[in-house]
Amino acid sequence: MEEVQLPSSLIEICKGIFFSCKSLKTIEIPKNVAKIGGFAFSYCQSLGKVKLPNCLTRIGKYAFYRCTALPEIEIPKSVTEIGDHAFSNCGSLKKVRLPDSLNTIGVLAFSGCSALKDIVIPRGVKEIGDCVFYCCESLVEARVPKTAKIRENAFPTTTKIIRY
């Protein structure tokens with residue numbers, strides 16, 4: 001199964017629903033979905049394109065864990081929380097756009113995203129938790145609000161932190 005057509009009436013992507021669906025290449029989440037449950041797309045190693053809806057508010061823990069073919073993700077303006085390990089070990093992830101609405105980024109949320117070169121943390125985020133960008137060896141620059149607390153090992157030691 002390379003592509004899935006989900007019903008437009010769907011309001012939540014359940015925990016683990018596409019877990020380890022190795023042939024899934026593209027997914028468009030219906031416009032009424034507000035939450036993506038934990039492990040929903042974990043280990044979908046061929047998943048290269050994800051379109052998230054504008055009413056999405058929460059991305060659960062491990063939701064896209066080890067989606068190794070995913071090159072970019074744009075988090076919609078409605079999202080307030082990204083769970084622990086949500087995008088961990090997405091080794092091809094080069095581009096992440098975080099919305100101003102975001103206030104919580106879970107522990108190790110983007111750890112192991114070895115292709116990620118830069119990131120802008122939105123002003124709504126008050127704290128960058130432990131090891132959020134752990135093992136992101138290519139992360140050269142991170143723009144972080146002056147008001148945000150940076151926890152231990154949030155970024156690699158080689159990452160240049162620019163406060164704004």
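This is a predicted model: local features need pLDDT of at least 70, side-chain atom pairs count only at pLDDT 80 or more; totals for chains, interfaces and linings use all residues.
Student: Where does L93 lie?

Tutor: L93 is found in the loop between β8 (81-82) and β9 (95-97). Strands here are DSSP runs of E with at least two residues, numbered from the N terminus.

Student: Is L93 buried or exposed?

Tutor: L93 counts as buried because its relative accessibility is 0%. Buried means under 20% relative accessible area, exposed means over 50%, and partly exposed lies in between, using a 1.4 Å probe and protein chains only.

Student: Which residues does L93 touch?

Tutor: Leaving aside residues up to four places away in sequence, L93 touches L70, P71, E72, I73, F87, F110, C113, A115 and L116. A contact means heavy atoms within 4.5 Å.

Student: And how far is L93 from A69?

Tutor: Their C-alpha atoms are 7.6 Å apart in space, and the two residues are 24 apart in sequence.

Student: Which residues have the most contacts inside the largest nonpolar core?

Tutor: They are F41, F64, F87 and F110, in a core of 51 residues. A nonpolar core is a set of buried Ala, Val, Leu, Ile, Met, Phe, Trp, Tyr and Cys residues joined through side-chain atoms within 4.5 Å. In soluble globular proteins, nonpolar side chains tend to be buried together.

Student: What does F110 touch?

Tutor: Among the residues that F110 touches, not counting those up to four places away in sequence, are I82, F87, L93 and C136.

Student: How many aromatic pairs are there?

Tutor: The count comes to 10 aromatic pairs. Rings of Phe, Tyr and Trp (its six-membered ring) pair if their centres lie within 6.5 Å; planes under 30 degrees apart count as stacked, over 60 as edge-to-face and the rest as tilted.

Student: Why is the pair of F18 and F41 stacked?

Tutor: The ring centres of F18 and F41 are 5.3 Å apart and their planes stand at 10°, so the pair is stacked. This pair links distant parts of the chain, 23 residues apart: F18 is in the loop between β2 (12-13) and β3 (26-28), and F41 is in the loop between β4 (35-36) and β5 (49-51). F18 is buried at 9% relative accessibility, and F41 is buried at 0%.

Student: What about F64 and F87?

Tutor: Their ring centres are 5.2 Å apart with planes at 5°, so F64 and F87 are stacked. Both residues are buried.

Student: Which residues form the aromatic cluster?

Tutor: F18, F41, F64, F87, F110, F133 and F155 form one aromatic cluster.

Student: Changing topic, what is the strand order in the open sheet of three strands?

Tutor: The order is β1-β3-β5, with parallel pairing. β1 (3-4) and β5 stand at the edges with a single partner strand each, so one side of each has no neighbour in the sheet. Two strands pair if DSSP finds at least two bridges between them, and β1 and β3 pair over two bridges. In that region, E3 stands opposite T26 in β3.

Student: What is the N to O distance for R151 and E127?

Tutor: The side chains of R151 and E127 meet in a salt bridge at 3.9 Å, N to O. R151 is in the loop between β14 (149-150) and β15 (160-163), and E127 is in strand β12. Salt bridges that share partners join E127, D130 and R151 into one network.

Terms used
Residues are numbered from 1 along each chain as its sequence is written. Side-chain values use heavy atoms; hydrogens and water are left out. Helices (H or I, at least four residues) and strands (E, at least two) are DSSP runs, numbered from the N terminus. A salt bridge is a side-chain nitrogen of Lys or Arg within 4 Å of a carboxyl oxygen of Asp or Glu.
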